[in-house]
Amino acid sequence: MTFEDIKEGLKKISKLMNLNEKEINILLKFKRIAKKELEINGKTYDAWRIVHNDSIGPGKGGIRFHPAVSEDEVKSLSFWMTVKTSLVGLPFGGAKGGVKINPKELNKEEIEKVSRAYIKTFNEFIGEDKDIPAPDVYTNSQIMGWMLDEFEKIKGRHEPGTITGKPVELGGSILREKATSEGGRIILNLFLERMNKKPRETRVVIQGFGNAGMNIAKMLHDEGYNIIGVSDSKGGIINKSGLDIEKMIKIKKEKDSVIYYPDIGKIYNKELLELETDVLVLAALENQITEKNADRVKAKYILEIANGPITSGGDDILCKKGIIVIPDILANAGGVVTSYCEWVNNITGGIFSKEVMEGILKEKMTTAFRRTYELYEEQKTKTFTMRNAAYIIAIKRILGAEKARGSI
Ligand code: NAD
């Protein structure tokens, strides 16, 4: 999704909220766009660190290593972080970073060089009370470990709260890896309770079987949901009477794709999105449901674990069809809530236990869900979506902070 699409979406929300021009402009403004070139082994790579809005607190958002990274993409992702952290009531703003590079073509030493070069280049812009990076697509806890090490060497002091998603040995959280999926599970359960549907009567199809998709598949399977289809970049697998998820995870880990699951129907990725199911979980990439295929989607409900998996045109069609979408800024916020707990532990010397962090995740997700769902129900018209409700709540809080600062 481009930042132009975000602007269009914001126009619709601002009409619903009766926002004035000054308020709209403040939401479209970026606090800082830093673009630099990283030089590694004689080659140069474009890199960004962007803070969208930090009126509520320091910027928060991941760093992505991907060949398709662009300034427009990092801007969009940082905007989504602002609304996400606001919706779930965290003391953060929104930020994002990226390097335009294909990490699959690099060995471990080269990836470490890129990670350290990123911090050498951008260290003046980040910090525990300024802008706090974390992992994103194709970056992980090891990369965060190298980045923190480089940052602390440059600054000559310890400051673990500068980066979240770190290895546990450096102050990372043991909950982080499964936190996004756990947050998604909590939200789906709360939503289905409102729909009077029990896990055992609920069929689920999951697009994407990476960190988020695989973990949520396991959690939902353990709760009795009937997972009838999964897919990864190589293709999909279906079995209407239910898949054995433990076996699927084993196959994915051994052979690197779900398509090697034996004796079961194989299907193309695009067909998986069109299966008859109660819940479709989107846990792969952006722009999966668009104006081109939304009409063929037969799921009753969609849980967006990926960021921006449905385009704004796709969203309008799903809404007309009566398909309820649980939006990304709510459904995948579990990761950043757990990052918040990691940051608090780092800046206070470790006051939260695992149990306390689990409690905070549950409380933040439950409150954000309740507020979003209640506004959605209250406003329910044929064109008002849960996404509209989530954005309205998030934007009110951001504008409240801007007003309190006297910026508007
Ligand atoms: P990942 O790289 O571990 O997994 C992505 C999965 O999607 C892989 O299994 C890949 O094979 C699959 N995939 C790629 N193209 C596909 C296609 N066309 N059809 C079906 N499957 C396809 O990434 P992840 O960490 O699981 O993240 C998935 C999504 O969730 C991303 O959009 C990410 O931004 C979002 N997200 C993740 C987290 C997190 O904590 N992991 C937090 C917030 C949002």
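Start by selecting helix 1 (residues 3–17), where E4 and K7 both lie, three residues apart or about one turn of the helix; helices here are DSSP runs of H or I with at least four residues, strands are runs of E with at least two, and both are numbered from the N terminus. Show the side chains of E4 and K7, which form a salt bridge whose closest N and O atoms are 3.3 Å apart; the term stands for a side-chain nitrogen of Lys or Arg within 4 Å of a carboxyl oxygen of Asp or Glu. By this rule the count comes to 34 salt bridges.

The model on display is predicted, so that local features need pLDDT of at least 70 and side-chain atom pairs count only at pLDDT 80 or more, while totals for chains, interfaces and linings use all residues. Residues are numbered from 1 along each chain as its sequence is written, and side-chain values use heavy atoms, with hydrogens and water left out.

Next, colour the protein by its two domains, domain 1 (29–172) and domain 2 (174–408), with bounds that come from an automatic or database domain assignment. Their C-alpha centres lie 24 Å apart, and the contact (heavy atoms within 4.5 Å) takes 34 residues from domain 1 and 31 residues from domain 2.

About 2800 Å² is buried between domain 1 and domain 2, with carbon and sulfur atoms giving 64% of that area; buried area is the accessible area, taken with a 1.4 Å probe, that two parts lose on being put together, summed over both. Select K84, L87 and V88, which supply 24% of the area that domain 1 buries against domain 2, more than any other three residues.

Then select E342 and K166, whose side chains meet in a salt bridge at 2.7 Å, N to O.

Now display the open sheet of five strands, which has the order 1-2-4-3-5 and mixed pairing; two strands pair if DSSP finds at least two bridges between them. Strand 1 (32–40) and strand 5 (131–135) stand at the edges with a single partner strand each, so one side of each is left without a neighbour in the sheet. Neighbouring strands of this sheet are turned by 20 degrees against each other on average, direction ignored. Strand 3 and strand 5 run parallel and are joined by five bridges, and G62 stands opposite A134 in strand 5.

Move on to the open sheet of seven strands, ordered 9-8-7-6-10-11-12 with mixed pairing. Its edge strands are strand 9 (265–267) and strand 12 (324–326), each pairing on one side only. Strand 8 (residues 235–238) pairs with strand 9 in the antiparallel sense over three bridges, and I237 stands opposite K266 in strand 9.

Finish at K197, in the loop between helix 6 (176–194) and strand 6 (203–207).

Definitions and conventions. Axes fitted to C-alpha atoms, helices over the stretch in contact; angles between N-to-C directions.
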